[in-house]
Structure formats: structure tokens, C-alpha cells
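My entries follow in the order in which I made them.

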Amino acid sequence: MTSRIPRDSRLRLVRPRPLAAAPRTVNQRRPRRPVPRPPEGTPARAELARMARSGLATAARVAHWADAALRPGRDGAGSDGKGTLSDATAERAASDLGLTVAQVRADWDTARLAGLVEVHGDNARPGWRLRAWDRDDSAVLRGWVALFDAWSLAYPEPSDHEPAAVAEVVSAMPQVLSFLQLSAGPVPVEQLLDLLEQRVTELRTERCEIPYGPQPEPVADPAAAADTPLAPLLDWALHALASVGALTYGDGQATLTPLGSWAVWVKLEQICVAAQSPAGNIEQGAEDMLRGCAQLRPNAARDEYRAWLAARPVGSAVTELLGAARGDDALLRGLAFEALRVVGAPAEPDVRAVHDEPTLRPYALLWLAEHDGVDPEDAHEVLTREEATWLWVDTAAAVADHGEAPMLVRHLESALQPTVPALLDEVRAVGHPRTVQVLVALAAAHPDPALAKAVRRAAFQVHTGGS
């Protein structure tokens, strides 16, 4: 489930104007609220991470195999150019690991959805979560939640049902999962079906309302969707959620697993898992300092950056900030370059040295333009269309990981492309490693079922390498 419920996180978001100011806007008015405790009986975080490691053990094993066996000189693992394993590679993995080819492909698929493997063009590389798998519980849990969010891609979609009805069920499942979490035990499928039918009816009623402004062309036949029985689709959804370890399903009832219950609770309680107190940031490493500063207003964050920089040599501080920017967390990437703006001229050689790294290039080009005196409002003009689109996806990844569902919907307004189909075409073309997760999150967050269906279809095509 990608949360349709806002989470409590202050995130610098790309404004509706072009993408130059991705990290600058902060929700400054919301007071910090105490972090709620999980429901009684929720396993400790370490135990939840152990469960996630166990559930993803075979996917991690295949990812580790690919890292060791397919990366000559540890430079990159070959795939078939679509993010899936070639027949020869799958057969080799099956032989080495004692698995069937089908198992290898399924585990590879899971590894990609969980971020253990990232596909860049025709190369697959180990994700940062794989590197941190044995030592970082947060990385493990975030990987599992990424898989949980992509549940509808992890299990074959029914091919004999109206696509619009499938999209409606996917949109309605967050409410079903919330009910399961609040029930704290087995729930009969008949009861879940009643709830699903009510929610789908609400979605169809909302779709019949005529909102203000231009609307996208319909992409499905509502009448055909209305005639589709929902019981088989609920069965598919429950099997899909069971396949990622979110629930158990059998004997006419469904029950959330501890991991599934915890994940739904996190979303319901609007918690940002990575949020930290800003206290003591000066003593922290760059990543922890940036996470703490994510909770501050811009002026307070800049003061914190100055204090942190004053406590260490500029050269090592810049190196640390760029190291944090190279990680998987797009929020930290934007914040790192905000801190580098505070460094100013001493950071220029290092920033110029990394401007050819694909992950850092858009941020570095904007930094250099502003450093050279370009108005921050106009700095975006130094980016190519592809670079601007890559930055749009990267910022969307930060919103998906740390922000609120409405922010992700509003993020559509900042895209350079005039239409959603054009945006989806260009997003797919830039090859950002988080493209699937971003599109899944956007599809789950968007209130328009037709648009959500189009975005979800694009996510599926990127995921499968189709067109």
C-alpha cells in the first residue's frame, strides 16, 4: 500500500515553478507533535527488521549472487536491457543457488521492487539497501515497505477483468488494510468485500462529480468497470498482499502479519520513520545532521549547517556532504546541496568535480549556476529537459519516502511536460532507479482513478520492461 493518508513530515518540495528550488520550500506552520507509540503488542523494531530480512532472504540472496557473479571488476551487472535477467543469466543463477529459473526470476523481481537491485539503462547494480542489509534495520524496513507499497506489481494482475475495475480495487485497498489493522485479528473475507464495495462505490461517485478546470480524457469505460464483480479482484489483492508478507489469507479470512500491521500503523499515524530530533546535530555525521535539519525551518537549518561546518575542516565537511548526496535518499541529496550553498566558494572545486555523476549532475549544475551569479529563479534554465525530468523524479522519490500524499499529487504541477502522458513518457526515458516506486506511490495517492490507472500502467511497463 502506498499511503493515501498524510504522514507528519516537513519536506522541501519542488515548487509549481520549474525545478530549480527543489529543496527550498518547508511547511513552516505545522507544530511538531509527539511521536505516537505503536499499538501494544507490536514487535520491537529489531524484531520487525528480523522478520523483513527473513521474508526477503531469498531476494537478498539472488541480489548478492548477482553482485558477486555478474560484476566484473565490481562495475555493473548485466541484464537484458529491460531490468529483467536474461535466460542465460537466470539459468546460471538457478544452477549456482540451487533454485529453479522461475524462483530466480521471482526473487530478482522482488529484489528490484525492494530496492536491493537498481537498474540503470542496461546495467543492474546493487542498491544501497543491499549494502546495508546486515547492519541497518532502517534500510531493511524501508526496503520491505517499498515492496509493500508495490504489492499490485508483485503478483500477476488478473488478465480477464476490466482494467478500470482493477485500478479501482487498488485505489480502495488502503481502506481495507486500515480496517484490517484496526481489527487486530482475523477478518472474514465477506466483511472485507462489503467494505471494498462501499469504497469502490465512493470512488465511482467521486468520479461522477464534475470538478473545476480542464480534465484528462477518460482512459476506461466506467460502465464496464461497474459490471465487474469485485470478489475475484479482492481475492487477487489479498493473494498479492500475502505474497509480499503483509497478511495471511486462507479459510475465508485475512489477518495482517506483524510487519503488515506495523506498516499500516506507520502510515495511519503519519510517522516519518527517518525523522530525528535536531538536538546535537553538530556532533553527528553528515547524514544524521541532514535528517535532523529536515525538521527545521530554512533559517534554523542554515544556522545548523553553519555550526556543523564550523566544527570540522571545510574539505572533509564537503566530502561528507557529497557522500550523503550520493546515497539513495533523495531528501538528503537536496539537503546536502543546501548545506553546500552555505559552504559557498570553498566547495566549488568539489561540486564541479562531481557534476558529471548522473545522480548529482542536476543538483551540481544548479549549485554552480547560482554560485556564478544566476538568479535562483532562473537557474533551472541550465538544465536540459532530461536533467530537469530526472530531478523531478528524484524530488518525487523524496516526497514518496518522507512526505505526504497530497504533496506528491501537487508535485505533478511542477513538471515541465504539459500533459501527464508526455510526463510519463519522459519519466520512463530518463531511467531513474526509483521510477517504479515513484509511479506506484503517485498512482496510489492521486484521487483521479483514470489518471491513477494511467500512472500505474506506466509503472507496470517500467517494471516489466514493456512499452
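**Contacts of Ala 167**

I started with the neighbours of Ala 167 and, leaving out residues up to four places away in sequence, found that Ala 167 touches Lys 453 and Arg 456. The model is a predicted one. I placed Ala 167 in helix 8, which covers residues 163-183. I then looked up the exposure of Ala 167: the relative accessible area is 7%, and since buried means under 20%, Ala 167 is buried.

**Whole chain**

I noted the overall figures next. The protein has 23 helices and six strands. It has 467 residues, of which 52% count as buried. Among contacts with a separation of 6 or more, 69% are between residues 24 or more positions apart.

**Helix 13**

How many of the eight residues of helix 13 are buried? I got six for this helix, residues 286-293, so helix 13 is largely enclosed by the rest of the structure. I listed the buried ones as Ala 286, Met 289, Leu 290, Arg 291, Gly 292 and Cys 293. I also looked up what covers them, and the cover includes helix 6 (137-149), helix 14 (298-310), helix 15 (314-325), helix 16 (330-343) and helix 19.

**Helix 19 against helix 22**

I took helix 19 as residues 385-402 and helix 22 as residues 435-445; their axes come within 9 Å and cross at roughly 60°. That angle makes helix 19 oblique to helix 22. I recorded the crossing as left-handed. On the helix 19 side I found Trp 392, Val 393, Ala 396, Ala 397 and Ala 400, and these meet Thr 435, Val 438, Ala 441 and Leu 442 of helix 22. Sorted by class, this contact has eight nonpolar residues, one polar residue and no charged ones.

**Ser 414**

Trp 392 also turned up when I checked Ser 414: the side chains of Ser 414 and Trp 392 are joined by a polar contact of 3.3 Å. I found Ser 414 in the loop between helix 20 (405-411) and helix 21 (420-430). Is Ser 414 buried or exposed? I read a relative accessible area of 2%, so Ser 414 is buried. Its side chain also reaches the backbone oxygen of His 411, at 2.7 Å.

**Helix 21 against helix 23**

The axes of helix 21 and helix 23 come within 11 Å and cross at roughly 15°. Angles under 35 degrees count as roughly parallel, and helix 21 and helix 23 are therefore roughly parallel to each other. I noted a right-handed crossing for helix 21 and helix 23. From helix 21, Val 420, Leu 424 and Arg 428 meet Leu 451, Ala 454, Val 455, Ala 458, Gln 461 and Val 462 of helix 23. I counted this contact by class as seven nonpolar residues, one polar and one charged.

Notes:
Residues are numbered from 1 along each chain as its sequence is written. This is a predicted model: local features need pLDDT of at least 70, side-chain atom pairs count only at pLDDT 80 or more; totals for chains, interfaces and linings use all residues. Side-chain values use heavy atoms; hydrogens and water are left out. Axes are lines fitted to C-alpha atoms, for helices over the stretch in contact, and angles run from 0 to 180 degrees between N-to-C directions. Helices (H or I, at least four residues) and strands (E, at least two) are DSSP runs, numbered from the N terminus. Angles under 35 degrees count as roughly parallel, over 145 as roughly antiparallel, 65 to 115 as roughly perpendicular and the rest as oblique. A crossing is left-handed if the near helix is turned anticlockwise from the far one by less than a right angle, and right-handed if clockwise. Contact means heavy atoms within 4.5 Å. Ala, Val, Leu, Ile, Met, Phe, Trp, Tyr, Cys and Pro count as nonpolar, Asp, Glu, Lys and Arg as charged, and the others, Gly among them, as polar. Buried means under 20% relative accessible area, exposed over 50%, partly exposed in between (1.4 Å probe, protein chains only). A polar contact is a pair of N or O atoms within 3.5 Å; within protein, one must be able to donate a hydrogen and the other to accept it, and residues adjacent in sequence count only if both atoms are side-chain atoms.
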